[in-house]
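Work through these exercises with the structure in view. Try each task before you read its solution.

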Amino acid sequence: MFAERLHTFITSPQAVVDLRRYFGIGVPPGGMPFTGSRFEHLTGGGDRPEVADRFTAEDLVAVQTLSVTVPAPVALDILEGRLGAQLSGLLHAIPWDIDMVDAEADVLAEGSLADQAWHLLCGQYGVDWVIAGKLLARKRPRLLPVYDKVVRCALGRPRPSFWLALHAALRADDYALHRQLLELRQIAGVPATVSALRVCDVAVWMGHRAEEHACPH
């Protein structure tokens with residue numbers, strides 16, 4: 001069910017239109033892209049080598065383009081405190097130069113370093129699973145996906161986790177879905193620096209919003 005639903009969004013003709021609108025490609029004069037179009041690219045990206053293993057102020061601004069805000073006390077702890085040091089230790093051991101489709105499942109599994117970083121963030125006051133996921137997606141955009149309430153409403157809550165379900169879907173049938181995402185990115189004219197995972201997220205998010213579902217919180 002998960003893979004079939006995902007395939008429906010990715011292969012819809014509307015996906016190209018939605019991606020171009022989201023990223024401001026071919027918009028008429030005065031038209032504006034979605035602020036989230038800057039999520040990966042802001043200040044060169046959160047995964048560029050010199051900052052890949054630590055959170056910066058730019059990363060905290062980047063997640064705001066996706067309509068979430070890290071509480072100020074947590075933001076300060078990330079930038080200057082013990083929390084930032086703990087996260088840096090975990091990030092250092094999480095690969096930054098690999099796509100989810102090429103990673104082994106144990107990189108994403110329960111108890112993995114990425115999972116530990118997610119739980120560490122979720123344990124902070126005022127940081128929910130959406131904020132934690134978006135922070136990690138900023139640092140590892142090729143490996144870890146954005147997953148919010150709209151995407152959850154569209155695709156459900158697969159077990160054992162969204163990460164592993166998406167990983168399996170991307171690798172199925174000789175990586176067919178991953179190849180479709182790369183093709184969709186090319187057809188829409190989205191820069192190659194936007195990850196396949198982000199293309200997937202935007203296609204699902206935009207498509208589900210258009211269906212006018214009332215997504216439960």
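**Exercise 1: a covered helix**

In helix H7, the buried residues are Val-130, Ile-131, Ala-132, Gly-133, Lys-134, Leu-135, Leu-136, Ala-137, Arg-138 and Lys-139. The model is a predicted one.

Task: find how many of the eleven residues of H7 are buried, and which helices they pack against.

Solution. 
- Step 1. H7 covers residues 129-139.
- Step 2. Ten of its eleven residues are buried, and H7 is mostly covered.
- Step 3. The buried residues pack against H3, H4, helix H5 (82-92), helix H6 (113-122), H8 and H9.

**Exercise 2: a loop residue**

Task: locate Val-70, decide whether Val-70 is buried or exposed, and list what Val-70 touches.

Solution. 
- Step 1. Val-70 sits in the loop between helix H3 (57-64) and helix H4 (72-80).
- Step 2. The relative accessible area of Val-70 is 8%. Buried means under 20%, so Val-70 is buried.
- Step 3. Leave out residues up to four places away in sequence; Val-70 then touches Leu-60, Val-63, Ala-75, Ile-78, Ile-131 and Leu-135.
- Step 4. Two of these names, Ile-131 and Leu-135, return from the list of buried residues in H7.
- Step 5. Now look at Tyr-125. Val-70 and Tyr-125 are 55 residues apart in sequence, and their C-alpha atoms are 9.8 Å apart in space.

**Exercise 3: checking a helix length**

Task: compare the span that helix H10 should have with the distance between its end C-alpha atoms.

Solution. 
- Step 1. H10 runs over residues 196-210, which is 15 residues.
- Step 2. The rule takes 1.5 Å times one less than the number of residues. H10 should therefore span 21 Å.
- Step 3. The end C-alpha atoms of H10 are 21 Å apart, so the two values agree.
- Step 4. Turn to its surroundings. Twelve of the 15 residues of H10 are buried, including Cys-200, Met-206 and His-208.
- Step 5. The buried residues of H10 pack against helix H1 (2-11), H2, helix H8 (149-155) and H9.

Note on methods. Residues are numbered from 1 along each chain as its sequence is written. This is a predicted model: local features need pLDDT of at least 70, side-chain atom pairs count only at pLDDT 80 or more; totals for chains, interfaces and linings use all residues. Side-chain values use heavy atoms; hydrogens and water are left out. Helices (H or I, at least four residues) and strands (E, at least two) are DSSP runs, numbered from the N terminus. Buried means under 20% relative accessible area, exposed over 50%, partly exposed in between (1.4 Å probe, protein chains only). Contact means heavy atoms within 4.5 Å.
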